Amino acid sequence: MTTATASFADGTVSTRLRGRIMKAIIYRDNGAADVLQFVDRDLPEPAPGEVRVRVAVSGVNPTDWQARSGAGHPKHFAEVTPHLDGAGTIDAVGEGVDRSRVGQRVWLFMAAAGRPTGTAAEFTVVPAEQAVPLPDEAGFDVGAALGVPALTAHRALTVAEDGPRRLSPGALDGKVVLAAGGAGAVGHAVIQLARWAGATVISTVSSPRKARLATAAGAHHVINYREGDPAAEIRAVARDGVDLVAEVALGTNLALDLAVLRTRGTIATYANDGGKPVELNVLQNMVLNTRLQFLVLYTAGPEARAAAAQDVAAALRDGALPVGEEHGLPLLRFPLDRTADAHRAVESRTVGKVLVDVAS
């Protein structure tokens with residue numbers, strides 16, 4: 001067995017590529033977190049149009065454990081390395097990709113979407129456009145926490161009939177955004193992106209700790225929906241009603257959303273936490289001219305995803321997307337060989353962002 005070395009942009013040299021073998025997490029069958037295995041695998045080679053990334057940190061999202069369990073995500077490959085999001089350093093490029101990208105720090109999104117090569121491995125390969133440059137001042141933690149949450153938040157903020165299709169400073173000036181569940185990863189990103197784009201941001205939460213997190217993320221007003229009269233409190237801030245609601249629990253929150261939504265307002269829903277059935281009062285929504293927009297990244301289309309990645313990258317360059325407890329998104333970390341525990345943490349609805357440290 002020979003020893004290969006690779007140099008990276010930060011000046012470090014890896015000698016982990018002995019025999020071109022890497023450590024990875026895989027599963028062959030759907031099921032509980034126990035189906036995840038810590039194994040040796042051959043180092044992947046980038047195909048034309050792809051880059052290979054030495055993963056530093058892998059991000060875990062609800063969609064990752066749902067795909068592993070088989071809940072709504074059919075398995076298309078005999079063996080899968082999970083996780084859509086992550087961050088690391090490009091160490092090789094395929095044909096047609098600018099070789100100057102070797103050594104570039106990047107954040108990754110949708111790595112395992114329709115592919116067997118997610119970020120829960122020392123190396124992964126992705127289409128070059130799904131590896132977005134990570135500014136030097138942004139750590140790999142920040143990069144790994146973007147992906148699905150940030151792109152979903154962008155989509156939620158850009159689907160209103162009379163709203164912008166792109167985000168930038170000033171794009172949401174004069175708008176009022178309600179971020180339901182502001183202590184969650186997507187809610188956190190909604191708060192940060194909406195505030196960066198100029199909106200007045202209200203967030204609803206269920207506890208004092210979550211209120212502190214939503215405030216730290218940048219929400220102007222935080223309201224505990226389990227206390228008092230949350231609709232009246234929201235209306236006191238948004239007298240003409242909320243322009244856009246980014247909703248995580250539609251069945252539970254729809255009555256509140258409609259009570260505070262302005263005429264021709266938008267409810268953009270990316271989840272139905274709690275699973276409560278959604279019952280629509282058709283006449284009420286007709287009178288409001290409600291726009292009810294369901295969204296998921298997989299079917300949003302390549303143009304929407306590309307625009308979201310570009311705008312999130314711009315917000316990142318502006319320093320608008322920090323993570324950590326002091327910024328409203330606590331980080332819970334696991335080593336690669338404990339990825340199953342990371343999945344269990346996400347399944348149990350841990351507050352904050354679950355990360356897997358891949359690089360040693």
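Predicted model: local features only at pLDDT ≥ 70, side-chain atom pairs only at ≥ 80, totals over all residues.
1. Strands 3 and 4. The count of salt bridges comes to 18. One of them joins the side chains of Asp40 and Lys23, at 2.7 Å from N to O. Asp40 is in strand 4 (residues 37–42) and Lys23 is in strand 3 (residues 21–26), so this pair ties together parts that are 17 residues apart in sequence. Asp40 is partly exposed at 42% relative accessibility, and Lys23 is partly exposed at 29%.

2. Strands 16 and 17. Asp357 and Arg333 also meet through their side chains in a salt bridge (2.6 Å, N to O). This pair links distant parts of the chain, since Asp357 sits in strand 17 and Arg333 in strand 16 (residues 331–335), 24 residues apart. With a relative accessibility of 26%, Asp357 counts as partly exposed. Arg333 is partly exposed too, with a relative accessible area of 35%.

3. A salt-bridge network. Salt bridges also link Arg20, Glu45, Arg52 and Asp91 in a network. In general, side chains of opposite charge can pair when their charged atoms come close.

4. Strand 5. Strand 5 pairs with strand 6 (residues 85–93) in the antiparallel sense over 8 bridges. With strand 8 (residues 123–127), strand 5 pairs over 5 bridges, again antiparallel. Strand 17 (residues 353–357) is joined to strand 5 by 4 bridges, and these two strands run antiparallel.

5. Gly59 stands opposite Asp85 in strand 6. Gly59 also has a bridge partner in strand 17, namely Leu355. For Glu50, the bridge partner in strand 8 is Pro127.

6. Aromatic rings. The structure holds 1 aromatic pair. Its members are Trp107 and Phe109, whose rings are tilted, with 5.9 Å centre to centre and 45 degrees between the planes. Trp107 and Phe109 are both buried. A further ring, that of Phe140, has the charged end of Arg105 over it, 4.7 Å from the ring centre.

7. Nonpolar patch. Val278, Leu280, Val282, Leu283, Met286 and Val287 make a nonpolar surface patch of about 600 Å². Leu280 belongs to the loop between strand 14 (261–269) and helix 8 (282–288). Its relative accessibility is 47%, so Leu280 counts as partly exposed.

8. Ser207. This residue is placed in the loop between strand 11 (200–205) and helix 5 (208–217).

Key:
Residues numbered from 1 in each chain as written. Heavy atoms only, no water. Phe/Tyr/Trp six-rings, centres within 6.5 Å; stacked < 30°, edge-to-face > 60°. Buried < 20%, exposed > 50% of the residue type's maximum accessible area, 1.4 Å probe, protein only. Lys NZ or Arg CZ within 6 Å of the ring centre and 35° of its normal. Patch = residues over 30% accessible without salt bridge, like charges linked within 9 Å, V, L, I, M, F, W, Y side chains within 5 Å. Areas by Shrake-Rupley, 256 points an atom, 1.4 Å probe, with all protein chains shown as cover. Salt bridge = Lys/Arg side-chain N within 4 Å of Asp/Glu carboxyl O. Pairing = 2+ DSSP bridges.
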